[in-house]
Amino acid sequence: MIEKLRKQIEHSYYWDARVKALDCNYFGDEVKLVFEDNGTDITYLFEECYKINIEHAMDYPKDIPSKEFDIAQIPYFIQDVEVNEILSGDKQYLEFKINIYPIEMYIVCKHFNICYAEN
């Protein structure tokens, strides 16, 4: 199953894609990462999350509040997505490490989906 998931992620062509949104909802149970690729919005949807860690590089300036960015000003681009399976007792989880320099994300969840929508 993990190899199939890795192939799906590779086929989403995330490399150097501009991130349009990063949302954490429902008390951390769901995370949405939205990026664009040739007129298509691609959403990574992480569900039943147990760990979410989002770190922004301290030395990267935040001269403009993020909520004021227009699309061309967003400085976040996906560089790498790594996924692994981890076991805790008899339960399986998905572990994601995502580089969106200057942000590093770490997510442990039960479910992951990729959604495509024309903009």
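The largest pocket of this predicted model is lined by V19, K20, A21, L22, S66, F69, D70, I71, I74, Y76, I100 and I103, where a pocket is an open set of points on a 1 Å grid over the protein atoms alone, with a 1.4 Å probe fitting at each point and protein on both sides within 12 Å along at least five of seven lines, and lining residues have an atom within 4 Å of a point. Its volume is about 220 Å³, and the largest share of its lining, four residues, comes from strand β1 (residues 19-25). By class, nine lining residues are nonpolar, one is polar and two are charged.

Aromatic rings form a second topic. The structure holds nine aromatic pairs, meaning rings of Phe, Tyr and Trp (its six-membered ring) with centres within 6.5 Å, called stacked under 30 degrees between planes, edge-to-face over 60 and tilted for the rest. The rings of Y60 and Y101 are edge-to-face, because their planes stand at 90 degrees, with centres 5.7 Å apart.

Elsewhere, ring pairs link F35, Y44, F46, F96 and F112 into a cluster, while the charged end of K110 sits over the ring of Y93, 5.1 Å from its centre (NZ of Lys or CZ of Arg within 6 Å of the ring centre and within 35 degrees of the ring normal).

Residues are numbered from 1 along each chain as its sequence is written. In this predicted model local features need pLDDT of at least 70, side-chain atom pairs count only at pLDDT 80 or more, and totals for chains, interfaces and linings use all residues, while side-chain values use heavy atoms, with hydrogens and water left out.

Notes
Grid points are joined across faces, edges and corners, and a volume is the space filled by probe spheres set on the points. Helices (H or I, at least four residues) and strands (E, at least two) are DSSP runs, numbered from the N terminus. Ala, Val, Leu, Ile, Met, Phe, Trp, Tyr, Cys and Pro count as nonpolar, Asp, Glu, Lys and Arg as charged, and the others, Gly among them, as polar.
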